[in-house]
Structure formats: C-alpha cells, structure tokens
Amino acid sequence: MPAQPDQPRLAPADMPRASNGASSGGIDLGGTKIEARLFDAQMQTLDTRRLPTPAEDFTAFVKALAAQVRWLEETSGLGAALPVGIGLPGLIDPESGLGFAANIPITGQNLPAALAEALGRPVPLLNDCQAFALSEALGGAGTGARRVIGLIMGTGIGAGLAQDGRAGYRANGSALEVGHIGLPSHALQELRDRLGVDLALRDCGCGRRGCFETCLSGPGLSWLARQYLGAELEPADLAQRAGDGERAAEVVLQIWAHLAGELLLTLQLAHDPDCIVLGGGLSQIPGVELRLAAALERVRLGSMRAPKIAIAQHGDSSGARGAALHALAQARDI
Ligand SMILES: [Zn+2]
C-alpha cells in the first residue's frame, strides 16, 4: 500500500473554539452580495448573513466588508481571535496590495491596507477560484488528493489550485487564468477531420481571439448551439435535447467536450493534479464528468495517469468555505 498523504484537519484542535462551536468565518465577495458564513470545526455553517455590495464607492465597499467581518467576530463570541478569510472575484497583487477586478470597486485600490485599518488586524484575501479549489480539496470532491484543481465552467472559465490543503502563493494573486489560453490549432483540425466542423475563432472579453472561454463557458456553449442548431439554447436545454436523442444537440455537446478535453490535457500537462473538480453551471449537465473524462482519455499522454474528474460537492458555499479554510491555514502559520 502506498503511504497516504497527510490530510490537514479542517479546523485543528489547537485553534480557538467558541462555546457555540464557532471555529472560523468566511466571506464570499461577489458583484451583488457580500455573504458571510460562520463555520464550526467540521466546517458546517452555523450562521450566515448577506449584505448588498456597494458597486461604485470604495469607501462604502470597505465599510460593508468590515461590517461583515465584525458580525462574524461578534456572532462567534471569539472577537478578533476568530480566523476570517475573504474570497473575491479578482486579483490582489501580493507585493503592492493593489487590486484588479471587473465587478467590485477595488481596481487600483489597496484593499488589504484599507481593511486592516478599519479592523485593526489583517484579514487574508484570496481569489474565489482558489477558494473553490481549497474548499473541494478539504472535505469536498477532492478529499484524499494532494493536488486539486477546481475548474469553474459558468459565465466564464476559471480555475484554482490547492496543494496539500493550502491555496499557496501566487505571484500576481491570481488563480489559474486558463479560460484565456488559446484553442490549440491541432484540436480545431481534429474537429474538421472527426466531425466535419469548421470552427470560427471568436473575440474574447480579454481582448484577444480564440480563447478557450469563447467556446467552453455557458455563453460559449450557447454560441456553439447557434452555429450548429440555428438556435441559441441554454446549456440545460441543449443537454435535455441531447438526452432525448436529438443528434444535432449531441454533436454540439461533442464539440464542446472535445475542446474541454484539450483544456483538461493542458491543465494536466502544466500542473499534474491528482483530481480536477468541476464547478459552475455547466457542471450540472448530467454525466458531464464522464463525458469530460472520456474526452481527456482520448488525448491523454500514455505515460501519465488520468486525474480523477469529479463534480463539486459544496456548491454556493465554496467561496466562503474556502476563504475560511485559507484563514485557518494562515492562522496556523503565525
Ligand atoms: Zn480571453
């Protein structure tokens, strides 16, 4: 039997524990809401509170975020001893502290410094794709794996990486920005050869053309449906029609899976994970993990074992849960 990897405990015994069981707090910061969750030592949610996200004003934004941290501190009974982490849809440069995000007002602002000033202590921040990967690595679909990639396929394509139960250092504070890797030319050639499909390259929101995201995201899959079915179907409707035996809908899903298999191969070649956990709206397509495992198997290098491909277990709580686990890990390091 090979040695089992050491699995970090979710909330170690040497961490503070309140009489109500509270052990950590996590905040999922989104474009419309700031959701705070209080967790016990088994990472079960004890309490949760949502506030609307101030969309424009950085000062109001910091105030709302600090109010959520204080609510967690007070509700736990542990005050500032409670480990609290924040997951956010953007980047924080670890050297300068300056942020960059599309949906929250942190671009060019120093959020870590502003928050530390408001609270009197630093609060660990991490990208929400990293939070997702960490959440699934610890007590989720990636439990038992040492190197877990969380791949989110929704309105965009993003990924995070957790190693040995830690989110790890990122030079730019980013996640794995794999949605903006270009579609490989050999994959497009194979589409022509196998399915007779000549795929046009689309402009991407990042300013380039032909990124994976343009075809693999929810809007990308709807675009593929329009090209080959003549109707811009929602992914769930497309999956339904394929499940009902409609050949053209099945071909659209095959094109999507073919390209997704190439992305999985890129992830394996670059990062060699034990496990890839799928999240986001497209992970709800019935059987998608089997479809994508088969797509990777077709292109995988024979010398490498296939990673486990699994569906996320923690759904909407992943951002807050991963942020709380990150804060616990940071607290242990101090
Ligand atoms: Zn792009």
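**Arg 208 and its surroundings**

Author: Let's start with Arg 208, which is in contact with Arg 202 and Asp 203 once its neighbours within four places in sequence are set aside; contact here means heavy atoms within 4.5 Å. Before going on: this is a predicted model, where local features need pLDDT of at least 70, side-chain atom pairs count only at pLDDT 80 or more, and totals for chains, interfaces and linings use all residues. Residues are numbered from 1 along each chain as its sequence is written, and side-chain values use heavy atoms, with hydrogens and water left out.

Arg 208 sits in the loop between H4 and helix H5 (213-216). Helices (H or I, at least four residues) and strands (E, at least two) are DSSP runs, numbered from the N terminus. Arg 208 counts as exposed because its relative accessibility is 60%; the scale is buried for under 20% relative accessible area, exposed for over 50% and partly exposed in between, with a 1.4 Å probe and protein chains only. As for distance, Arg 208 and Arg 241 are 33 residues apart in sequence, and their C-alpha atoms are 32 Å apart in space.

Now for a contrast on the inside. Leu 224 belongs to helix H6 (residues 218-229), and at 0% relative accessibility it counts as buried. Its contacts, leaving out residues up to four places away in sequence, are Leu 199, Cys 215, Val 252, Ile 255 and Trp 256. Take Leu 199 from that list: 25 residues separate it from Leu 224 in sequence, yet the two C-alpha atoms are 8.9 Å apart.

As background, nonpolar side chains in soluble globular proteins tend to be buried together.

Beyond its neighbours within four places in sequence, Leu 292 is in contact with Met 153, Trp 256, Ala 257, Ala 260, Leu 264, Leu 278 and Ile 309.

Next, the place where H8 gives way to a loop. Asp 272 is in the loop between H8 and strand S10 (275-279), and its phi is near 45°, a positive value in a residue other than glycine. With 47% relative accessibility, Asp 272 counts as partly exposed. Asp 164 also has a positive phi, about 50°, although it is not a glycine. You'll find Asp 164 in the loop between strand S9 (157-163) and helix H4 (185-195); its relative accessible area of 26% makes it partly exposed.

Glu 73, in helix H1 (residues 58-76), is buried with a relative accessible area of 11%. Past the residues up to four places away in sequence, Glu 73 touches Leu 78, Gly 79, Ala 80, Leu 82 and Arg 121. Ala 131 is in helix H3 (residues 128-137) and counts as buried at 0% relative accessibility. With residues up to four places away not counted, Ala 131 touches Leu 126, Ser 318, Gly 319, Gly 322 and Ala 323.

Back outside, Ser 303 lies in the loop between helix H9 (288-299) and strand S11 (308-311), and is exposed with a relative accessible area of 70%.

Finally, the whole chain. Its secondary structure comes to ten helices and eleven strands, and buried residues make up 52% of its 334 residues. Of the contacts between residues at least 6 apart in sequence, 65% join residues at least 24 apart. The C-alpha atoms fill a box of roughly 60 × 55 × 40 Å along the principal axes.
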